[in-house]
Amino acid sequence: MSWVSDYQYTCLQKLALNTLQFSGQIPHHIAFVMDGNRRFARSKHIDKIEGHSRGFSKLADVLRWCLDLGIREVTTFAFSIENFKRSSDEVEGLFNLARDKFAQLLKETDRLDEHGIRIRVLGNIELLPADLQRLIASAMLRTEHNDKLFLNVAFAYTSRDEITQAVESVLHATNENDDDGLLPTDINERLLEACLYTRHSPPPDLVFRTSGETRLSDFMMWQIKSSVLYFTEVLWPQITIWNFMAGISAYKRDSSRIDDFRREQRLHSAQLAKTSDFYSLRVQKFLHKLDANRRKLLIALASN
């Protein structure tokens, strides 16, 4: 199964998608909490891992819909650090599924290049088995030149861990004694935000969760302060293009209601930038070094 499906639209679906695309603002970035794979498996009397596999197949359809609608960034919550607490059989089954899918990705990089899709895995990937780390790092490096659609896969991820990693990066830099070290006065929310896994991504415009759960499960808690939240009862493997377009329509309806809040947030960020040393050479050197170190880690993992 390809990472991007060759979804065949009906005439009515094409008309609805085109109408949606040209009738107001489309979200730039959508985050999906792909919930309901296990409940789907139970309802169909199939193995849990088969349910997760069906969920991946559905992601391929959703990516096609996003590409055709002009959405530039997609983030999916694939595996929480909390999922390590599940049975060893299920965890290993999820890892095997991930191995298969990332190996498939590396075989079809020409197709990803054609669509301009860049894969970025957000999370503490060093918690994963070494062979899976290698596949993930290889996929990220192989697609890093693409820039039409960014697919962020949150794997071995929680917001608490993400924020902890950002704080540790800053604290380590403040303890350095060379000219690249940070000063205590450099530390503010803007700097911490720049150290998150999502450093190069805008906040999600829309968070879309399936399966009827109305919680966020420690997903992108820093980033979603001005996101529209959309919850639907449908299980992830059963999501249809009509469910997808309903979420987009909800975003169009609700986003105008929070425009004032977003303007206040942008003003707050601009004021913070004026009163801090965020653009100082010292801070910029630190952020450049942070990016370089993260890429060095990928190269090291890919070569193991």
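Let me begin with strand S1, residues 29-33, which is mostly covered, since 5 of its 5 residues are buried. Please keep in mind throughout that we are looking at a predicted model.

If you follow S1 along its length, you will see that His-29, Ala-31 and Val-33 point one way, while Ile-30 and Phe-32 point the other way, and that all of them are buried. What does S1 pair with? It is joined by 5 bridges to strand S2, residues 73-80, and these two strands run parallel; as one example to find on the screen, Ile-30 has Val-74 as its bridge partner in S2. S1 also pairs with strand S5, residues 206-209, again in the parallel sense, this time over 4 bridges, and here Val-33 has Arg-209 as its bridge partner in S5.

Now I would like to turn to the aromatic rings. How many aromatic pairs are there? With ring centres required to lie within 6.5 Å, the count comes to 16 aromatic pairs. One of them is formed by Trp-3 and Phe-102, whose ring centres are 5.4 Å apart and whose planes meet at 55°, so this pair counts as tilted. The two partners come from distant parts of the chain, 99 residues apart, with Trp-3 in the segment before helix H1 (11-21) and Phe-102 in helix H4, residues 88-107. Trp-3 and Phe-102 are both buried.

A second pair, Tyr-7 with Tyr-9, is edge-to-face, with 5.0 Å from centre to centre and 70° between the planes. Are these two tyrosines buried or partly exposed? Here the cut-off matters, because buried means under 20% relative accessible area: Tyr-7, at 22% relative accessibility, therefore counts as partly exposed, whereas Tyr-9, at 18%, counts as buried. Tyr-7 and Tyr-9 also belong to a cluster, in which ring pairs link them with Trp-65 and Phe-244.

Where is Asn-188? You will find it in the loop between helix H7 (159-174) and helix H8 (189-194). Its relative accessible area is 14%, and so, by the same cut-off of 20%, Asn-188 is buried.

How values were computed: Residues numbered from 1 in each chain as written. Predicted model: local features only at pLDDT ≥ 70, side-chain atom pairs only at ≥ 80, totals over all residues. Heavy atoms only, no water. Phe/Tyr/Trp six-rings, centres within 6.5 Å; stacked < 30°, edge-to-face > 60°. Buried < 20%, exposed > 50% of the residue type's maximum accessible area, 1.4 Å probe, protein only. Pairing = 2+ DSSP bridges.
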